[in-house]
Amino acid sequence: MRTVGAALTALSFVGVAALAGCSGEGSGDGVSQNASAAASSSPSPSPSPSPSSGWNPKPGSIAAVGDSITRGFDACSVLADCPEVSWATGSDSLVRSLAVRLLGPAKAVDRSWNHALSGARMAQLPEQMALAAKERPELVTVMMGANDACRDSVRLMTPVADFRASFEASMRQLRAGAPTAQVYVSSVPDLKRLWSTGRLDEGAKKIWSLGVCRSMLADADDLGPAAVARRDAVRDRVVAYNGVLRDVCAKDRHCRYDGGAVFGFRFTGAQLSRWDWFHPSRDGQARLAEIAYRNITAAEPPA
């Protein structure tokens, strides 16, 4: 496994601009024993569709849209996508993506599509949704918003009104081509919790100092009033983004929001990339897949 020093050398050589514009994902090593055990077990049978909601917990095809988390960025090698470990559509046997859990390994290859783009913000989601609609999927997964908050400064974060307008436009794009496709919307991760986890590791702070999510992670040891206010402002914006995702989704009869499950998940060091201590590792991707599978196959949507 690469050492922190080697990772820093690689990051310095390649440059860190890609990291500054990516949402939370991780490394391909350090999968916990619990995650490995979960990955090897078979999922429980999915419940039948709820007559009251019309939600089908057994969709036959999946299209994924989003950012670097859904692309598996920094999960297998430094500064690179690794879609095979994507929580949504990957083929990795340890992650056991949502597609694998719902469709099985063979069908997941032919009946799932990943249109996510590392570094993407909500303004780019309508274009991704248009591509997803062309696949005519039975389910579309959405995980987007971390890059809207992860900017070089608080001032550059996407305004909530713009975030809402882009998400509403995305849903319209999908409905124009796939009017009955189900949509599963993941909440934006709690970036402040990532800071509180990684700031205890000296290697993480050295990597963050190269430019990872500066609005939240800059000067990680600074606990002065200005730094605290900056981090609180980023967290408040993420909470507002999640409120938009919830509200817009609630207006679409075929949409299900995760109830804040990803926002509330407590990523540990083992579930974060060893290359950037920000994106989910393979273990973290497996946890995202578990959360999505549980919520999609539930008889009722999360509270």
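**Strands, disulfides and helices in a predicted model**

Colleague: In this predicted model, how many of the residues of strand E3 (residues 139–143) are buried?

Modeller: Strand E3 is mostly covered. Leu139, Thr141 and Met143 point one way from E3, while Val140 and Val142 point the other way. Residues on both of these sides are buried. The count for E3 is therefore five of its five residues, each under the 20% relative accessible area that buried requires.

Colleague: Which residue in E4 is the bridge partner of Thr141?

Modeller: Strand E4 covers residues 182–185 and runs parallel to E3. Four bridges join E3 to E4. Thr141 is one of the E3 residues that are buried. Its bridge partner in E4 is Tyr184.

Colleague: How many disulfides does the model hold?

Modeller: A disulfide is a covalent bond between the sulfur atoms of two cysteines. One joins Cys76 to Cys82, with an S to S distance of 1.9 Å. Cys150 and Cys213 form another, with sulfur atoms 2.0 Å apart, and so do Cys249 and Cys255, also with sulfur atoms 2.0 Å apart. The count comes to three.

Colleague: What is the pairing when the bonded cysteines of the protein chain are numbered in sequence order?

Modeller: Cys76 is joined to Cys82. Cys150 is joined to Cys213, and Cys249 to Cys255. In sequence order, the pairing is 1-2, 3-4, 5-6.

Colleague: Is the disulfide of Cys150 and Cys213 left-handed or right-handed, and why?

Modeller: Cys150 is buried, with a relative accessible area of 1%, and Cys213 is buried with a relative accessible area of 1%. The torsion about their S-S bond is about -80 degrees. Because of that torsion, the disulfide is left-handed.

Colleague: How many residues apart in sequence are the parts that Cys150 and Cys213 tie together?

Modeller: Cys150 lies in the loop between helix H8 (146–149) and helix H9 (160–177). Cys213 lies in the loop between helix H11 (202–208) and helix H12 (214–217). The pair therefore ties together parts whose separation in sequence is 63 residues.

Colleague: What is the relative accessible area of Cys255?

Modeller: Cys255 is linked to Cys249, and the link is left-handed, with -110 degrees about the S-S bond. Cys249 is buried, with a relative accessible area of 2%. Cys255 is buried as well, and its relative accessible area is 13%.

Colleague: How many of the 16 residues of helix H15 are buried?

Modeller: H15 (residues 282–297) reaches 22 Å from its first C-alpha to its last, close to the 22 Å expected at 1.5 Å a residue. The helix is largely enclosed by the rest of the structure, because the number of buried residues is 14.

Colleague: Are H7 and H9 roughly parallel or roughly antiparallel?

Modeller: Helix H7 (residues 125–134) packs with H9 with their axes 8 Å apart. H7 passes H9 in a right-handed crossing. The angle between them is about 15 degrees. Angles under 35 degrees meet the rule, so H7 and H9 are roughly parallel.

Methods. Residues numbered from 1 in each chain as written. Predicted model: local features only at pLDDT ≥ 70, side-chain atom pairs only at ≥ 80, totals over all residues. Heavy atoms only, no water. Buried < 20%, exposed > 50% of the residue type's maximum accessible area, 1.4 Å probe, protein only. Helix = DSSP H or I, 4+ residues; strand = E, 2+ residues; numbered from the N terminus. Pairing = 2+ DSSP bridges. Disulfide = S-S within 2.5 Å. Expected span 1.5 Å × (residues − 1). Axes fitted to C-alpha atoms, helices over the stretch in contact; angles between N-to-C directions. Parallel < 35°, antiparallel > 145°, perpendicular 65-115°, else oblique. Left-handed = near helix turned anticlockwise from the far one by under 90°.
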